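Have the model open as you read.

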Amino acid sequence: MGYAYDGGYNSLQQFFNTFNTWRTTRIIDRYIANKLVRRYDELKNEDSYVVKKSKSIMDLVLRQKLDNPRVIAGDREFMEMAVSNVKSFLVAGHETTAYLGYAYMLLSKNPQALEKARQEHDQVFDPDLNRTVEILRANPGRLYDLHYTTGIIKEALRLFPAASSTRTCAKGYRFMYKGRDLQLTDQIVIICSLAMHYNPNLFPSPCEFQPERYTTQAVPKDAWRPFERGSRSCIGQNLAMMEMRMVLLLVLRSFDFEALGIKPHNNPIATYTNLDTIYGDLIYQRQALTARPIGGQSMKVKFAEREY
Ligand code: HEM
């Protein structure tokens, strides 16, 4: 299996990439560690009722250590765990908003879908953006009523899944594949959501962007799996979906997006998709922290013609 890295197989480039990653990680780790120590001191002096009510990730991590007489800065094992957890949530949160680039790209070539989403935002919230924000603040649960917008997000996640996952097989685990009996004890399997998302038996006309398929078709329950499924599935999936619905609600009516640098292929390069005949190389993903378009994705953003 080959991976698409930035810089391909240029070993000097790989060295600089590794070095830069190491250096950046160190800077971030130190920054978060300092914040944790400072917040720990603040929490120690805080009223215990306030501490118990706080739900921030950092406070949840630190709360368990407040009765501990040891200074957390010297507790290496705890600090490593705490920094790593805070970092996971920060990065995952950032990646979620960055991920919407795919939704903007799809909408830029599907103006009817954009119009439908805008109409939904007018109907479920309000044509006026300020009023929309007021309603959102008073009743964030209304985001769940944005069914078409949810379909847009789901289609972006289906066509361009950001990650996949692995599972270790239990002892004696066997799997029948095309008549072959595979003994998978102690093996690690990769669950390739991309392959499932383009399977026409699960998603008819899989290369078509159809936000309405989640409300008009019976999509099998386990077929859509950008957050994976089961007890170790993405802990932030509901937050991520809410965040993306909210961003699209606040952005889509005010701005028009145009994905730049698209060079459509005359014929599809890959066998599983023909989307490159519309979006060119942008549909191919490279392995970064999460999967993203090779070479990055530039977007021209302008104010939408309609005024709010
Ligand atoms: C578009 C947004 C996101 C996508 C596509 C995504 C996808 C995934 C996937 C595929 C996994 C692996 C699950 C598994 O192995 O079964 C995962 C795990 C995880 N995600 Fe997300 N994620 C997103 C956003 C977030 C957000 C916003 C957070 C937190 C703020 C988050 C926190 C986590 C954590 C902590 C895990 C590890 C869960 C565990 O091992 O038990 N993710 N995510």
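## A loop residue to start with

Let's begin with Gln210, which sits in the loop between helix H9 (193-197) and H10. Helices here are DSSP runs of H or I with at least four residues, strands are runs of E with at least two, and both are numbered from the N terminus. Gln210 counts as buried because its relative accessibility is 15%; the cut-offs are under 20% for buried, over 50% for exposed and partly exposed in between, with a 1.4 Å probe and protein chains only.

Leaving aside neighbours within four places in sequence, Gln210 is in contact (heavy atoms within 4.5 Å) with Glu155, Ser205 and Gln217.

## What you are looking at

This is a predicted model, where local features need pLDDT of at least 70 and side-chain atom pairs count only at pLDDT 80 or more, while totals for chains, interfaces and linings use all residues. Residues are numbered from 1 along each chain as its sequence is written, and side-chain values use heavy atoms, with hydrogens and water left out.

The protein chain has 12 helices and 8 strands, and its C-alpha atoms fill a box of roughly 65 × 60 × 45 Å along the principal axes. Of its 308 residues, 36% are buried.

## The iron and its donor

Which residue gives the iron atom of the ligand its only protein donor? That is Cys234, through SG at 2.3 Å. Donors are N, O and S atoms within 2.8 Å of the metal (3.2 Å for Na, K and Ca), and water is not among the atoms, so sites may look incomplete. Cys234 lies in the loop between helix H10 (213-216) and helix H11 (237-251).

## Around the ligand

The ligand is surrounded by 19 residues, each with a heavy atom within 4 Å of it. The closest are Ser165, Arg167, Glu228, Arg232 and Cys234. An N or O atom in the side chain of Ser165 is 2.2 Å from a ligand oxygen. For Arg167, a polar side-chain atom lies 2.5 Å from an oxygen atom of the ligand, and for Arg232 the figure is 2.6 Å. H4, strand S1 (165-168) and H11 are the elements that give two or more residues to this shell.

## Helix H11

H11 has 15 residues and reaches 21 Å from its first C-alpha to its last. Among its buried residues are Ala240, Met244, Arg245 and Leu248. The buried residues of H11 pack against several elements, including helix H4 (76-99), helix H8 (147-159) and strand S5 (255-259).

Terms used
Expected span 1.5 Å × (residues − 1). Polar contact = N/O pair within 3.5 Å; in protein donor to acceptor, adjacent residues only side chain to side chain.
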